[in-house]
Structure formats: structure tokens, C-alpha cells
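These are my notebook entries on a structure that is new to me. I set down what I looked up, topic by topic.

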Amino acid sequence: MLWNVKKDPATLEEERYNYINWVNDVLDSHMGLCINEFRLCFELRNSHGSFITHWIFTALAKKVQKLELNLHPVGGGFWPPLELYAFPLECLKLFRSPRTLSNIKSLRSLCLDAVNVSGEVLEFFIYSCPLLDRLRVVFSLDLLSLKVVGSSVKLKYLDICYCYFMEEVEISAPSVRSFKYYGPEIKLRMENVPQLLDISIGGGYGVRMKHAISPIMSYFHQLETLELGFVLNAENMQFPQCELPKLRHLTFNVLAFSSKSLLGLSCMMEASTFLQKFTLKLQTVYVGSEIVSERKFRDCLHQHLKVVELIGFVGLPIELELAFYLLKSATTLEKMIVDPTPPAVLGTPWEFENYKKKQAARSCAKELEPKIPKGVELVIL
């Protein structure tokens with residue numbers, strides 16, 4: 001419904017209040033003592049804050065287990081800072097009252113998208129909710145720092161994305177299994193995370209890959225999945241010497257010039273001896289199609305690689321070069337998946353647009369067919 005409303009801005013404010021009335025009716029009619037999951041998904045602003053705050057208190061009073069506020073604008077982009085709903089700091093006093101504190105202890109999952117929330121508020125939930133094992137925060141301009149420290153913390157999954165004023169994250173909790181961060185360069189301190197198996201980390205222009213991964217390299221030996229997101233340039237292609245003996249799935253989410261060879265990514269694959277799946281999420285800036293490689297990379301056999309996934313494929317020579325290399329070097333490959341959908345729109349209504357461009361990409365992908373070894377399945381989505 002949201003993307004249809006967006007096409008007619010004149011009706012958007014009316015639909016907002018229809019949505020508000022609908023949520024109020026749902027909560028008023030809910031007669032149960034508990035709520036398992038409460039999820040808001042509509043582009044509401046700070047001007048609707050009284051309603052949103054009331055809903056939060058109502059859900060928490062009913063011992064909600066999963067709480068999600070997705071107030072992200074439809075169509076991409078972000079609200080101007082003053083229009084973001086701000087989680088009221090004064091609510092902490094009420095949360096700390098014995099009755100409310102007892103109710104929020106049921107919370108297991110907290111996801112906030114396009115909500116201004118401070119580290120103080122988030123840390124209150126982390127340390128006051130003994131069952132909270134999942135925290136996700138997307139686009140909060142008030143979030144500057146976060147500490148997840150202590151053996152009593154039960155948080156398993158921590159996800160922080162597009163918090164552009166973030167400065168520092170400290171993690172020291174044996175329960176943490178997954179950490180995902182995408183944003184500006186920060187001071188990251190990580191220790192005492194023996195169960196950490198999954199890391200996704202990176203940022204856009206100005207984010208140095210070495211700076212991003214230095215704090216986590218001491219845990220490379222235990223990782224099973226790793227995603228690195230960065231702008232592909234000469235500095236970011238200088239991968240450090242490392243070993244990832246348990247890594248099973250490696251993902252690169254990169255922005256690259258259309259003439260920049262992608263073969264340098266194979267260096268990280270070489271360090272992952274038992275890698276089974278490789279995913280490339282690619283966005284390109286077109287500057288020509290002639291491939292430029294700043295140095296030679298030696299061929300390396302990937303003897304356990306079974307699945308290759310190329311997302312955002314448009315049929316550029318650099319993509320075909322990498323695909324041909326993987327078809328040759330992955331001796332036990334079972335499937336190569338080619339998806340022309342841009343990574344940024346996967347899972348949104350816009351992934352079904354640009355039909356003509358996708359058809360052109362699919363035609364280019366067919367150039368791979370003559371090189372497909374016997375027993376390998378080529379899937380073109």
C-alpha cells in the first residue's frame with residue numbers, strides 16, 4: 001500500500017491519519033494480556049510522536065516480545081533530521097518504575113528504523129531486558145556511541161546501519177553471535193566474544209577497509225560468515241594477510257568503477273580455505289568498459305566452493321572476467337546464480353522495476369553458458 005500512496009502525495013497525510021486511527025482501533029480492541037509482536041511500518045514523522053509514544057507504552061505494558069518501528073520514508077531517502085520521530089528520553093523515568101520495568105523484561109527483539117534514539121535509551125533496554133537477544137537500529141542521528149558489555153547481557157544479534165554521527169561501539173559480551181555495522185568510520189572495540197560467528201561491516205566513500213576490519217581480525221579464525229562493504233579503490237584492495245579457516249560464506253558489497261578489475265577480491269577468498277559460498281553485491285559507476293588491473297593476481301583453486309552468487313549483474317566485462325575466473329578455479333562448483341537486481345532495492349517494491357535493463361543483463365549473462373562446466377547449474381534470475 002505504501003508505494004501506491006507515495007505516487008499520490010496529496011493523499012499521503014490523509015493516509016497517515018487513516019493508519020493512526022487503524023493502529024488505535026487495533027490496540028483498543030486487543031483484549032489479551034500479552035502481545036507477541038508489535039510492528040509499525042508507515043512513514044510517520046515526529047509530528048505524530050504522541051501517537052507513536054502511546055503505542056510503545058501500550059505494547060510494553062502488554063509485555064510485548066518483538067517491537068519494531070519502521071518509519072522510513074517510502075521511495076528511499078531520509079527525513080530531514082527534525083522530522084524524525086525522537087524516542088523521548090523522559091520515558092526512561094517511567095520505564096524504570098517497578099511496574100513498567102517488570103513488563104519490559106519480556107522484550108526479546110527491538111528494531112528501530114528512522115527513529116532518533118540515543119545510546120542511553122538503547123543501553124537501558126540492553127541491560128534491563130534479560131531476554132533481549134536482537135537489536136537493530138537504522139538511521140538514528142542521535143546515536144553517537146553504544147556499549148554492550150557484561151556477562152549478564154544476553155544480546156546475540158546487533159545491527160547498526162546508517163547512523164551517520166556514530167563515533168564509538170564497544171562490545172564485550174560472550175553472548176554476541178552476530179555484529180553488523182555499516183556507516184562512517186568509528187572507534188570499534190571488541191573483546192570477549194567467543195561465540196561470534198557472523199560479521200558484516202563497511203561503509204561508503206571515505207571508509208577505509210583496513211580501518212574497518214582491524215578491530216575484528218583477531219576473530220577471523222572463528223567466523224563462519226563475513227560481509228565486507230566498501231568502495232573498490234587501490235587502498236581498499238590491499239587485503240591484509242589473514243586466515244579464515246571456518247569461513248563458509250563470504251560476501252563483498254562493493255561500489256566499483258566499471259573498468260576496475262574485480263579479480264583482486266579473490267585474495268580474500270584464497271584466505272578462506274573451506275569457503276562454500278561466494279556472493280558479490282555490485283554497484284558500478286560507468287567510466288568505460290576497458291578493464292584496468294593495477295597488478296597481477298595469481299590463480300588459486302577454490303576446492304570447496306559450491307555456490308557463486310552475482311547480484312546487481314549488468315554484463316560489464318569486469319563481471320564476466322570474474323565469473324569466468326570462478327568457473328575455472330572452483331573445481332567443485334555446483335551452481336552460479338546471476339541476479340540483475342540492484343542490491344540496494346532487493347526486498348523492496350522497486351526490485352521489479354527497470355525491466356528492459358534487466359533483460360539486457362540477462363542476455364549478457366548468457367555469454368557464460370559456453371564456459372559452464374558439466375554438472376554446474378547456471379541460474380539467471
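How many cavities of 30 Å³ or more does a search of the whole structure find? I find four in the search of the whole structure. I note that the model is predicted, that local features need pLDDT of at least 70 and side-chain atom pairs pLDDT 80 or more, and that totals for chains, interfaces and linings use all residues. I number residues from 1 along each chain as its sequence is written, and side-chain values use heavy atoms, with hydrogens and water left out.

**Entry 1: the largest cavity**

I recorded how empty space is found: rolling a probe the size of a water molecule over the atoms shows where it is left. A cavity here is a set of points, on a 1 Å grid over the protein atoms alone, where a 1.4 Å probe fits but cannot get out. A pocket is an open set with protein on both sides within 12 Å along at least five of seven lines. Lining residues have an atom within 4 Å of a point. Grid points are joined across faces, edges and corners, and a volume is the space filled by probe spheres set on the points.

I read a volume of about 90 Å³ for the largest cavity. I counted 13 lining residues, of which Tyr181, Glu185, Ile186, His211 and Ala212 lie nearest the centre of the cavity. Strand 12 and helix 7 (209-213) each give at least two residues to this lining. Helices (H or I, at least four residues) and strands (E, at least two) are DSSP runs, numbered from the N terminus. By class I recorded eight nonpolar, three polar and two charged residues in the lining of the largest cavity. For these classes, Ala, Val, Leu, Ile, Met, Phe, Trp, Tyr, Cys and Pro count as nonpolar, Asp, Glu, Lys and Arg as charged, and the others, Gly among them, as polar.

**Entry 2: the second largest pocket**

I noted a volume of about 300 Å³ for the second largest pocket. Its lining has 16 residues, and Gly312, Val314, Pro340, Pro342 and Lys357 lie nearest the centre. Which element gives the largest share of this lining? Helix 10 does, with four residues. Strand 15 (277-285) and helix 10 (355-365) each supply at least two lining residues. Nine of the lining residues are nonpolar, five polar and two charged.

I then looked at Val314, which sits in the loop between strand 16 and helix 9. Val314 is partly exposed, with a relative accessible area of 42%; buried means under 20%, exposed over 50%, and partly exposed in between (1.4 Å probe, protein chains only). Leaving out residues up to four places away in sequence, Val314 touches Glu319, Ala361 and Cys364, where contact means heavy atoms within 4.5 Å.

Helix 9 (residues 317-329) has 13 residues and spans 18 Å from first C-alpha to last, close to the 18 Å expected at 1.5 Å a residue. The expected span is 1.5 Å times one less than the number of residues. I listed the buried residues of helix 9 as Ile318, Glu319, Leu320, Leu322, Ala323, Tyr325, Leu326, Leu327 and Ser329. Their cover includes strand 14 (249-257), helix 8 (266-270), strand 17 (335-339) and helix 10.

Helix 6 (residues 119-128) is mostly covered, with seven of its ten residues buried. Among them are Val121, Leu122, Phe124, Phe125 and Ile126.

**Entry 3: cysteines**

How many disulfides does the structure hold? I found zero, a disulfide being a pair of cysteine sulfur atoms within 2.5 Å. For Cys161, the nearest cysteine sulfur is that of Cys163, 7.6 Å away. Cys161 is buried at a relative accessible area of 13%, and Cys163 is buried at 1%.

**Entry 4: single residues**

I noted a phi near 55° for Lys63, a positive value in a residue other than glycine. Lys63 lies in the loop between helix 3 (49-61) and strand 2 (66-70) and is partly exposed, at 33%. Asn192 also has a positive phi, near 55°. Asn192 is found in the loop between strand 11 (187-190) and strand 12 (198-202), and is partly exposed at 43%.

Is Phe230 buried or exposed? Phe230 is buried, with a relative accessible area of 2%. Phe230 belongs to strand 13 (residues 225-231), and its C-alpha atom is 6.7 Å from that of Asn253, 23 residues apart along the chain.
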